[in-house]
Amino acid sequence: MSNPQQLRYTKEHEWLTAAEEGVATVGITEFAANSLGDVVFAQLPAVGDTITAGESCGELESTKSVSDLYAPVTGEVVEANQDVVDDPSLVNSAPFEGGWLFKVKITDEPADLMSADEYTAFAG
C-alpha cells in the first residue's frame with residue numbers, strides 16, 4: 001500500500017489534498033477501499049452542503065457493508081464526483097485519482113490530520 005506523500009489523512013481513512021484557493025479534494029484511502037471490498041453505491045454530499053469535521057457526510061456501500069464517509073474538515077462542498085456516483089468501482093480501482101469523492105471549500109481544519117508516514121504507521 002502506497003500513500004501519496006503530498007496528501008493528509010484522517011483516522012477514518014480519508015485523504016485530503018492541500019487546499020488550492022481554499023478548496024481541497026477528498027477521497028478514501030487504498031486501505032479503506034480494500035477493506036470495504038467492491039464499492040457498488042456512493043452517496044456523496046451535495047454541492048452547497050456544509051460539512052463538519054468528524055461528522056458523517058455520506059455513505060459508501062460495498063458488497064460487504066455500508067460505511068459512513070466522515071468529513072475531514074469543516075466547509076462547504078463545491079463539487080461532488082459524478083463519475084463515482086455513476087461508477088462506484090472507481091473508488092476501488094483509482095482511490096487517489098479518478099475515485100476522489102468531493103471538493104470542499106475549507107473554513108476550519110482539525111489539528112489531527114496525519115502525514116502519509118503517520119497514516120501508514122496508523123493503518124498498519
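**Note on a predicted model: strands, ring pairs and charged pairs**

1. Gly58 stands opposite Leu69 in S7. The model discussed here is predicted. The strand that pairs with S7 here is S6 (residues 56–62); 5 bridges join S6 to S7, and the two run antiparallel.

2. The sheet around this pairing is an open one of 3 strands, in the order S4-S6-S7, with antiparallel pairing. Strand S4 (39–43) and strand S7 (66–70) stand at the edges, and each has a single partner strand, so one side of each lacks a neighbour in the sheet. From one strand to the next, the twist averages 25°.

3. Next, the aromatic rings. The count comes to 3 aromatic pairs. In one of them, the ring centres of Tyr9 and Tyr119 are 4.9 Å apart and the planes lie at 15°; this pair is therefore stacked, because planes under 30 degrees apart count as stacked. Tyr9 belongs to strand S1 and Tyr119 to helix H4, so the pair links distant parts of the chain, 110 residues apart. Tyr9 and Tyr119 are both buried.

4. Another pair is made by Trp15 and Phe96, which is tilted, with 6.0 Å from centre to centre and 40° between the planes. This pair, too, links distant parts of the chain: Trp15 is in strand S2 (residues 14–16), while Phe96 is in the loop between helix H3 (90–93) and S9, and 81 residues separate them. Trp15 is buried, as is Phe96.

5. Which residues form one aromatic cluster? The members are Tyr9, Tyr119 and Phe122. The stacked pair of Tyr9 and Tyr119 is thus part of a cluster.

6. Turning to charged side chains, the count comes to 2 salt bridges. One is between Glu109 and Arg8, at 2.5 Å from N to O. Glu109 lies in the loop between strand S9 (102–108) and helix H4 (116–123), whereas Arg8 lies in strand S1 (residues 8–9); this pair links distant parts of the chain, 101 residues apart. Is Glu109 buried, exposed or partly exposed? Its relative accessibility is 37%, so Glu109 counts as partly exposed.

7. The side chains of Glu79 and Lys103 meet in a salt bridge as well, at 3.9 Å from N to O. A salt bridge is counted within 4 Å. Glu79 is in strand S8 (residues 74–80) and Lys103 is in strand S9, and this pair joins distant parts of the chain, 24 residues apart. Glu79 has a relative accessible area of 34% and is therefore partly exposed. Lys103, at 25% relative accessibility, also counts as partly exposed.

8. Lys103 has a further contact. Over which ring does the charged end of Lys103 sit? The ring is that of Trp100, and the charged end is 5.1 Å from its centre.

9. Last, the record. An unreviewed UniProt entry carries the annotation "domain: Lipoyl-binding" for residues 23–105. In the model, the chain over residues 23–105 is 19% helix and 43% strand. The end C-alpha atoms of residues 23–105 are 4 Å apart.

Note on methods. Residues numbered from 1 in each chain as written. Predicted model: local features only at pLDDT ≥ 70, side-chain atom pairs only at ≥ 80, totals over all residues. Heavy atoms only, no water. Buried < 20%, exposed > 50% of the residue type's maximum accessible area, 1.4 Å probe, protein only. Pairing = 2+ DSSP bridges. Axes fitted to C-alpha atoms, helices over the stretch in contact; angles between N-to-C directions. Phe/Tyr/Trp six-rings, centres within 6.5 Å; stacked < 30°, edge-to-face > 60°. Lys NZ or Arg CZ within 6 Å of the ring centre and 35° of its normal. UniProt positions renumbered as here; feature names shortened; annotations may be inferred.
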